[in-house]
Amino acid sequence: MKIGVFVCHCGSNIEATVDTAAVAAAARQFPGVAFATDTMYTCSEPGQDEIVAAIKEHNLGGVVVASCTPRMHEQTFRRTVERAGLNRYLFEMANIREHVSWIGKDREANTNKSIDLVRMATEKLTHNRPLYSKKFDINKRVLVIGGGVAGIQAALDCADGGLEVVMVEKTSTIGGKMAKLDKTFPTVDCSSCILGPRMVDVAQHPNITLYAYSEIEEINGYVGNFEIKVKKKATYVDWDLCTGCGICMEKCPSKKATDFFNEGIGKTTAINIPFPQAIPKKAKIDPAFCTKLTKGKCGVCAKVCPSGCINYEMQDEFITEKVGAIVTATGFDLFDWSVYGEYGGGRYPDVITGLQYERMLSASGPTGGHIKRPSDGKEPKNIVFIQCVGSRDKSVGRPYCTGFCCMYTAKQAILTKDHLPESQSYVFYMDIRAIGKLYDEFTRRAMEEYDTKYIRGRVSMIYPKGDKLLVRGADTLMGSQVEVDADLVVLAVGAEAAAGASKLAEKLRISYDTYGFYMEGHPKLKPVETNTAGVYLAGACQGPKDIPSSVAQGSAAAAKVLGLFSKDQLESDPQVSIVDIKRCIGCGKCIKTCPYGAIKETELRGMVKADVIETICQGCGICTSTCPQGAVQLQHFTDNQILSEVNALCQF
Amino acid sequence: MKVINVNLSYNSDFVTQVEEESGQKLNNCYQCGKCTAGCPYTDEYDIAVSQIMRLTQTGQKDKVLNSKSLWLCASCESCTARCPNKIDVARIMDVLRHMARKEGYIGIHTIKTFWDSFLGSVKNNGRVFEVGLLANYISHTGRFWTDMGLGHKVLPKGKIHFTPSEMQGKKEVTKIFIRFKEESAKCRAREKSREISADSRSPQDEYVPELRLLSRVFKHRNLH
Amino acid sequence: MPVLEGTELRIVGFLCNWCSYGGADTAGVGRFKQPTDLRIIRVPCSGRIDPLFIVKAMMNGADGVLVSGCHPRDCHYSEGNFYARRRLEIIEKFLPILGYEPERFAYTWVSASEGQRWQEVVTSFTDQIHKLGPAPKILGPQASDTLSVMEAAL
Amino acid sequence: MNTSLNYAYYPGCSSTGTSIEYDMSSRAVCAALDIQLNDVPDWSCCGSTPAHTVDHTLSSALSARNLDQVASMGLDSCITPCPSCLANLKTAKHRMEDAGFRDKVNNLLDKPANTQVGTKSVLQILVEDYGVENIKKKVVKPLTGRAVGAYYGCILNRPAELMQFDDREHPMAMDNIMEALGATVVAFPLKVECCGASFGIPRKDLVMRLSGKLLDTAKGIGAMALVTACPLCQMNLDMRQAQVNNANDSHHDMPIFYFTQLMGLALGLTEKELGIDKLCVSPRTVLDAMASEQSVKERAA
């Protein structure tokens, strides 16, 4: 094979610390290399044209590009060599940017290491073989996991685009965190007025099947053909019969159940519909608080229900759905702020979270929209907002900025003044992050028109003093310690990955970061894709996001799904395992270890052999390292190919 | 107000020394002020602790080491316990105090003298001898009325002894102090030979044997 | 010469494409400075790593071998890293039999987001190999003996 | 229950003077609970705050001499009633794990010190090794009838990484013990706020302000007495309470106990052996009220 080597300067990204001309010169000496050069930007149009021209001029049989990571441009260059008539797998990359030029400044060592990596790539290339994709049919249905605003947007866009959508929501209503908000910044629009109609659309759309109060149990398959096992948790109410009349809630004697929708402000009944606009508007029983289910006594709801839909014997139910793509929109949860002992760690009833305050502000909330202190029901006069609780704080393992707290705090300060004109709000902040259209103007209004007192500094301690809370903070601009006698303290608690996010990621086989947020395919260029084909991200599951960004990503994910489904068939990745029938002894070890069930037993002239189903094989290569005979080989990563790399590096 | 030239006034040796001796990274501080917010002594500080952090970060050695705050810090650890960047602020205050002491910055005379008297007492007796410590402190500060009002409360309780508690190994303890002084002197000599402009204001105070002073003090207050 | 005489030692890394190779990329994007000794071979999954690759590398003159995959339960292929771990644990026990210090080999888990962790892993492993110095050279007929022992054992 | 609790005991300098009742009551309580204390034979001062404000090697050398003595006693753990001593002994052990620092410290000593010994506070071993439940079983005279607040001071559990005991902002060890003894515990919000520490002599004004705030807060929540675990805290709040009243124009008359003193009373020990008479603010009213409440209960029973 005649090989061409192209060493990229990447402007000065590589050239500054790697002598690319020297790397090309060294490559010319490698066996098989017929052409080698250094180029300014290999991925640019002239750069790619140079490759095409060289293939033709020198009759090259394979190409090595030494540049950035293959995770960036492998696909780009595969298309380039294909344009010149080569098979796309007769191409290798040497990563001399992320793994060389960017991690050290020693030009001599870097140049030497780059030469080594190019040698490795050329050695592997000589063992490469042309590979060809196969086509397979796809199921054009999409699963949306999570019914918050991002999931709703993705589901509606897909459904409007003509796709069948299955939506799975963990709680008994869709709407997510947005449904709990009173108003939204910076327009002070009523949250439920914007979201409510969208929720109704989900319920009424002929293309959407909604499983509320359900969770993902199992995911199998691959892009185009996923098989999903959904667990419908027992609600103890037959939802086909339930009309959402609410009589059961009125009569239920167990009135001490945790009110999750209202963030624990107030209590609810053991059988409940979370809020009047819930979708679906169906009742469910919280078994921990139902005396019929815990002690076998009561049964009031069954007696009063006009449609006879109560069923205390109900069990979890499992349903299987087949889809071709998945949009993950599982959102976020609030950081558990009780680790802040200095803020009372939850011991003081009048220290609440921003989300609890939203419920208090909401006309349909537990206080009917009246701001009242949880301790004594009095109207507060001095209200202190503390920002960055569980954000930008390494000591609690949350170094990142949640990004939307500055804005919701400003909104809450404005709403507070509207509700209680005599009140005075104080905001302890570190920096105001108001980077959005009309955002900074909004925070300015909170200060200029609503007379919110912004104090630049963190709070070190909150403790009760009489019936007030003494908030002791700093005003770093004054350079002094400051104290505020507060009636109510609202913590702008930061966002963290939703509970159970990592477990779901493992089922989806997508990556997550240190904090449990899902990893996008590329931070700049693939913001909604994941590294698993057919799985997309929308909303705060990928990182904290405000409503506009979540909605935008929901639509983007839908666009990706619609794009994927624009074809009737997909091309399989030919980097799959194949069995050398002559060497296979039919031991079946590969069949046992394959995580996809992609290898089956066949018979060949009375002998048992392994056979790989190409469209199911995902190319992990576990079978290759398992096979005692070396009979199963993962294409493009065969034993010979990897050993040729080892030999290129280690040679006496 | 003085205009500060940011690059010219930046004392990088100072920053390096603080970082090395404290094991803390000054750039980790983002000036949230939580240390100042929690510091029980802020009321008395001439420079708030968060501003000490800022001045140290920006290499303003003279201003930092001249600050009275260094001497008022009681090492109560509020700042360290609550710092969102996990900076051991109390330790930095400790290190700054060491530097101020070594380089002869006066600080707060009474506090420094009290600490010196305390250590003098340990040096001489192996353990703290409270009456002797007080005597030494008084003789160095001339503050006779310090706590004499407590005498009639405490004396009858049998809590105050006029002779130090006896221990065998007190010479070992004394030697620790002597060696420490020798080591510090060696250290200073090395530093001086390195930088000619080294400040040579008052060296470490001598610890005065208190017993000798006792009679002098108690003559003024007829406590026997 | 594959390595810079006198300053570098030969260290080979086997990294899974989805997590650790991405983590090494993230380290690069973050400009986290690392020693230059390590050369990385990309494999789809740590489950693809055959213990023979490691033995072969050592016998051909590597002074250290580092393997890194996805964190347990976070494997792109569900369970490849479990298979990897089982095999690599065997290798760890086997190296002393072959005449190599077990410290010349390490396997670890680094996710695609953990650039800083990758920097720490590379730096500390490189230090570890430099402390050990160049690996003993096992050559000639003895080498093929060892290989066959190895193959039989696995 | 562990039947053979056995520790080296480092009393600390203040036990020979201003906090003699802490030492007395700690010993008496341990004896009553069959916890064996072995005095460190020739202990010396840990250096306290002044030493670490001068230099860390000096401070660690003073502590290391004591840790070495404990090691030569053949005991693997040492306890002390005083949080300041505790912090110094623990810090010395921790810092001397660094070889360079260790050499510098050993340089100041007659011989290299063995500093492997761990140190805990008397409070810590009572709640962790002996156990609050077991303390409860030993109560013969419950402390009924009066509300007490627990004040821990600033360094008993800070920095958390070093002290490794209880919650750094909201410690509960003494609250739990007091409750086990039958007292009504009121939640004291300034549990870990500084009392003014060692500034009593050079800057009395500071102590007046800070201790004054603690006393005001205690009164505000209806505490009739405070319990402490630190000689310095106790001294500032008790011995200087009259000074605080003078300076702040307040009228506090709040007894400040060492927690070991109240424990001793509940375990049936005499006031004499617990040094109750050594307290400056008379605890008579509070103690009498407790006693009468007890007798009322007993009679009712």
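Reader: Which side chains meet in a salt bridge?
Author: In this predicted model, the rule finds 1 salt bridge across the interface of chain B and chain A. A salt bridge needs a side-chain nitrogen of Lys or Arg within 4 Å of a carboxyl oxygen of Asp or Glu, and a distance of 2.8 Å, N to O, is found here. The two side chains that meet are those of A:E342 and B:K34.

Reader: Which helix gives the most to the side of chain B that touches chain A?
Author: The contact takes 18 residues from chain B and 21 residues from chain A, and the side belonging to chain B has 7 nonpolar, 8 polar and 3 charged residues. With 4 residues, the helix that gives the most to that side of chain B is α2 (residues 34-38).

Reader: How much area do chain B and chain A bury between them?
Author: On the side of chain B, B:K34, B:A37 and B:R82 supply 33% of the area buried against chain A, more than any other three residues. Counting what chain B and chain A bury between them, 49% lies on carbon and sulfur atoms, and the area is about 1500 Å².

Reader: Which residues touch the most other members of the largest nonpolar core?
Author: In soluble globular proteins, nonpolar side chains tend to be buried together. The largest nonpolar core here has 131 residues, and helix α7 (residues 89-102) of chain B gives the most to this core, with 8 residues. Leaving aside neighbours within four places in sequence, A:V489 is in contact with residues including A:V351, A:I352 and A:L469. The residues that touch the most other members are A:V489 and B:Y41.

Technical notes
Residues are numbered from 1 along each chain as its sequence is written. Chains are lettered from A and ligands numbered from 1 in the order in which they are written. This is a predicted model: local features need pLDDT of at least 70, side-chain atom pairs count only at pLDDT 80 or more; totals for chains, interfaces and linings use all residues. Side-chain values use heavy atoms; hydrogens and water are left out. A nonpolar core is a set of buried Ala, Val, Leu, Ile, Met, Phe, Trp, Tyr and Cys residues joined through side-chain atoms within 4.5 Å. Buried means under 20% relative accessible area, exposed over 50%, partly exposed in between (1.4 Å probe, protein chains only). Helices (H or I, at least four residues) and strands (E, at least two) are DSSP runs, numbered from the N terminus. Contact means heavy atoms within 4.5 Å. Buried area is the accessible area (1.4 Å probe) that two parts lose on being put together, summed over both. Ala, Val, Leu, Ile, Met, Phe, Trp, Tyr, Cys and Pro count as nonpolar, Asp, Glu, Lys and Arg as charged, and the others, Gly among them, as polar.
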